[in-house]
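This report sets out selected features of the structure shown below.

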Protein chains: 2
Amino acid sequence: MRKVAVAGVGMTKFGPTDKSLVELFSEAAWEAINDSNIKPADIQALFIGNCLGDFAEGQANIAGFIACELGLSHGTPATRFEGACATASVAVRDAFMWVASGFYDTVLVGGVEKIMHMGTPLATRTFAMATDSRYEEFCGLTFPAVFGMMAHMYSVKYRIPLPALKERMALVAVKNHQNGINNPLAQFRKEITVDTVLNSLMVCDPLQLFDCCPFSDGAAALILTTEEKAKKMVKKPVYILGTGQGSAGSLSRQKDFTVMKSRVASAQQAYAMAGLGPQDIDVCELHDCFTIAEIVASECLGFFKFGTGSQALETGETKIGGRIPINPSGGLKAKGHPIGATGAAQVYEIVKQLRGECGQRQVEGAKTGMTDTLGGDAGTIVNIILRR
Amino acid sequence: MRKVAVAGVGMTKFGPTDKSLVELFSEAAWEAINDSNIKPADIQALFIGNCLGDFAEGQANIAGFIACELGLSHGTPATRFEGACATASVAVRDAFMWVASGFYDTVLVGGVEKIMHMGTPLATRTFAMATDSRYEEFCGLTFPAVFGMMAHMYSVKYRIPLPALKERMALVAVKNHQNGINNPLAQFRKEITVDTVLNSLMVCDPLQLFDCCPFSDGAAALILTTEEKAKKMVKKPVYILGTGQGSAGSLSRQKDFTVMKSRVASAQQAYAMAGLGPQDIDVCELHDCFTIAEIVASECLGFFKFGTGSQALETGETKIGGRIPINPSGGLKAKGHPIGATGAAQVYEIVKQLRGECGQRQVEGAKTGMTDTLGGDAGTIVNIILRR
């Protein structure tokens with residue numbers, strides 16, 4: 001397998017937009033194309049992550065329309081992927097293989113989502129389709145409920161009283177909002193406090209409004225190419241060293257949702273391919289769709305022992321400057337979560353961090369980074385490890 | 001790149017079902033697993049084509065649920081693909097690469113769709129999402145209209161009076177229904193005549209009811225593996241020699257819809273990879289979603305010169321026993337068209353033909369076969385060439 005480089009990245013500002021999905025993705029794509037100094041004609045294939053385009057805009061089969069919008073030839077394969085919130089990461093991992101295998105030299109990959117015009121009730125309803133429609137969704141199980149249950153389970157399992165756990169969960173939101181202030185593309189750029197979280201609207205016990213990431217519109221795109229070509233294209237290529245992907249059934253088929261086996265398996269695959277371990281990761285963008293989700297993810301990835309991830313919020317180990325900075329971009333919580341774009345946006349941030357282009361949110365000296373994206377209630381999980 | 005074999009195939013009967021999408025796919029998957037003499041634990045990754053599961057059943061993120069249903073481990077990547085009616089073929093081409101690259105040895109790939117419970121008006125509406133939502137769909141353009149326009153354009157361009165063209169189009173339906181009689185998994189198994197077609201309900205001028213394929217439920221699945229493993233598993237492995245995939249924008253961006261550039265490019269890719277040409281194909285399953293579509297496809301694939309495909313219906317060249325038998329399975333017209341499954345079902349038929357297991361619909365001595373799957377109004381096209 002050949003070494004695969006990320007030669008260019010692009011990302012729109014996250015938040016409401018009047019653009020169509022095709023236009024929104026194209027904005028990110030052109031930035032990635034220009035960032036990598038290629039011409040559109042150099043793109044041999046297109047890999048598009050999009051989760052809800054059919055519900056949001058009546059647009060299925062979107063990949064070909066994007067290829068056309070970018071002026072790519074009729075011979076350019078354009079493929080859409082969907083894996084709930086892990087949608088774009090699935091696309092990135094797949095695009096990686098087409099270059100690693102030697103079949104294509106240069107490809108465009110990314111994701112796009114537009115959901116804010118739906119309004120919260122309908123958006124919550126459509127997102128719930130990523131749970132099992134036979135056993136969960138029809139009961140009214142939405143994702144705030146899934147992660148609310150997770151917080152209760154975590155509290156009981158590790159004997160952390162819920163009020164104490166909630167304060168630590170709030171620190172996830174406080175940290176990620178603090179990081180988001182320094183990300184010009186973030187949806188929210190304002191400081192919050194633990195009190196902000198604990199005094200906010202109750203969404204689904206114990207999750208309050210500021211425990212939850214927002215609905216977002218946005219897109220992110222990457223140019224993947226060979227090591228040889230990347231070195232000619234750009235000064236600072238970043239390499240994909242390892243990828244992993246796991247899967248799971250409904251919650252009723254998972255033994256312990258606070259220790260997601262699909263995520264542990266996925267991370268192990270990525271570490272094994274990279275020849276690295278959690279101790280080698282300098283910066284991580286992980287799936288903080290809810291505050292409890294960041295804590296659980298940080299344990300599954302091996303940064304903390306199971307049951308100890310919440311303490312790390314108090315010691316500041318996951319802050320920029322800490323032992324393992326998590327979500328310097330602001331994460332899903334502050335940067336925003338356009339679900340089909342999130343995985344590519346995570347890679348965007350890691351690439352920018354490894355290039356040293358992140359200004360006030362820069363993790364100094366970061367050489368190795370990791371992404372983690374969760375689809376549904378662990379149905380799809382992808383991890384990607386990158387190094388400069 | 002390694003040679004990739006199809007070691008096992010499975011397919012449900014096409015037509016209405018009470019099963020869920022996950023259950024329906026599993027039925028095809030177990031048949032493919034048993035047909036290839038592997039154990040589920042041998043499956044290293046899952047590639048699922050599904051187009052409208054979210055609309056039909058409220059089920060997005062379906063791939064993980066299928067992996068769980070089949071008892072696959074949490075470390076098994078499970079990916080959903082969507083490219084309108086070419087959905088499953090996109091999945092097959094992608095799965096092919098993961099094995100050809102050397103990354104995986106044995107994978108499960110296929111597609112599933114369930115649409116009949118929606119009823120025709122809503123199904124037609126949801127299918128229309130595969131046209132461009134910005135320029136076509138909102139005008140009320142449905143697929144009978146797209147292919148109705150195609151028939152008119154074809155008639156004018158090649159100066160074939162519409163009544164004469166309609167008689168030849170009717171012969172497509174007559175041939176494919178004749179073939180379907182001998183396919184126990186086909187949705188329709190009854191003989192029709194040219195009069196049946198020409199006296200049927202007008203759907204969208206000049207297309208009448210029997211010019212149109214039906215709405216269908218169904219699933220098909222394949223086990224792909226290496227040449228070495230396939231030879232140990234089964235007596236008659238069939239090999240994927242070439243694949244191609246093309247893309248296009250809305251109809252307004254396509255110069256001439258009767259000569260689909262995305263299809264021509266895709267077929268050329270497949271022929272080039274296989275080192276073959278149209279003259280080497282012994283049997284073809286192509287995308288006869290409407291009778292005119294079969295004629296246009298047969299020209300784009302190079303079996304007939306542009307403008308001469310309809311005459312071939314009169315000479316019988318595309319019948320079983322003719323020069324290039326097309327759609328011996330009954331095609332989308334008689335076998336049925338569960339859109340997210342169709343591409344895998346086409347490969348199923350070619351594999352069965354190349355193994356010589358097709359009974360009364362067998363194309364005698366077939367060594368090399370080809371599939372052709374069209375998504376939307378040419379937005380996604382995939383071709384696959386197989387040989388025993």
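## Annotated domain

According to the unreviewed UniProt entry, residues 249-387 of chain A carry the annotation "domain: Thiolase C-terminal". The model discussed here is predicted. Within it, the span 249-387 of chain A is 35% helix and 14% strand, and its end C-alpha atoms lie 32 Å apart.

## Interface of chains A and B

The size of an interface is often given as the accessible area lost when the parts come together. For chain A and chain B, the buried area is about 5100 Å², with carbon and sulfur atoms giving 52% of it. Chain A brings 61 residues to the contact, and chain B brings 61 residues.

Charged pairs also cross this interface: six salt bridges are found between chain A and chain B. A salt bridge joins the side chains of Arg134(A) and Glu69(B), with an N to O distance of 3.4 Å.

## Helix H11 of chain B

Helix H11 of chain B comprises residues 291-300. Ten of its ten residues are buried, so the helix is largely enclosed by the rest of the structure. The buried residues include Ile292(B), Ile295(B) and Val296(B), and also Glu294(B), Glu299(B) and Cys300(B). They pack against four helices of chain B, namely H6 (143-157), H7 (162-181), H10 (261-274) and H12 (311-315), and against strands E6 (207-208) and E10 (368-375) of chain B. After H11(B) comes Gly302(B), which has a positive phi near 95°.

What surrounds Glu294(B) beyond its neighbours within four places in sequence? This residue of helix H11 of chain B has a relative accessibility of 2% and therefore counts as buried, the limit being under 20%. With those sequence neighbours left aside, Glu294(B) is in contact with Val172(B), Lys175(B), Asn176(B), Leu286(B), His287(B), Asp288(B), Thr318(B), Ile326(B) and Asn327(B).

## Salt bridges within the chains

Side chains of opposite charge can pair when their charged atoms come close. Over all chains, the structure holds 42 salt bridges. One of them joins Arg2(B) and Asp105(B), at 3.1 Å from N to O. This pair links distant parts of the chain, 103 residues apart: Arg2(B) lies in the segment before strand E1 (4-11) of chain B, and Asp105(B) in the loop between helix H4 (87-100) and strand E4 (107-113) of chain B. Arg2(B) is partly exposed at 32% relative accessible area, and Asp105(B) is partly exposed at 24% relative accessibility.

Another salt bridge brings together the side chains of Asp35(B) and Arg355(B), with N to O at 2.7 Å. Asp35(B) belongs to helix H1 (residues 21-35) of chain B and Arg355(B) to helix H14 (residues 342-355) of chain B, so the pair ties together parts that are 320 residues apart in sequence. Asp35(B) is partly exposed, with a relative accessible area of 24%, whereas Arg355(B) is buried at 8% relative accessibility. Lys352(B) and Glu357(B) also form a salt bridge, at 3.4 Å from N to O. Lys352(B) counts as buried at 15% relative accessibility, while Glu357(B) is partly exposed at 38%. In chain A, salt bridges with shared partners join Asp35(A), Lys352(A), Arg355(A) and Glu357(A) into one network.

## Aromatic rings

A pair of aromatic rings is described by the distance of the centres and the angle of the planes. There are 18 aromatic pairs over all chains. For Phe103(B) and Tyr104(B), the ring centres are 4.9 Å apart and the planes stand at 90°, so this pair is edge-to-face. Phe103(B) is partly exposed at 27% relative accessibility, whereas Tyr104(B) is buried, with a relative accessible area of 7%. Elsewhere, Phe47(A), Phe81(A), Phe47(B) and Phe81(B) form one aromatic cluster.

Charged side chains also sit over rings. Lys3(A) lies over the face of Tyr239(A), at 4.3 Å from the ring centre. In chain B, the charged end of Lys3(B) is placed over the ring of Tyr239(B), 4.4 Å from its centre.

Key. Residues are numbered from 1 along each chain as its sequence is written. Chains are lettered from A and ligands numbered from 1 in the order in which they are written. This is a predicted model: local features need pLDDT of at least 70, side-chain atom pairs count only at pLDDT 80 or more; totals for chains, interfaces and linings use all residues. Side-chain values use heavy atoms; hydrogens and water are left out. Rings of Phe, Tyr and Trp (its six-membered ring) pair if their centres lie within 6.5 Å; planes under 30 degrees apart count as stacked, over 60 as edge-to-face and the rest as tilted. Buried means under 20% relative accessible area, exposed over 50%, partly exposed in between (1.4 Å probe, protein chains only). A charge sits over a ring if NZ of Lys or CZ of Arg is within 6 Å of the ring centre and within 35 degrees of the ring normal. UniProt positions are given in the numbering used here, feature names are shortened, and annotations may be inferred rather than shown by experiment. Contact means heavy atoms within 4.5 Å. Buried area is the accessible area (1.4 Å probe) that two parts lose on being put together, summed over both. A salt bridge is a side-chain nitrogen of Lys or Arg within 4 Å of a carboxyl oxygen of Asp or Glu.
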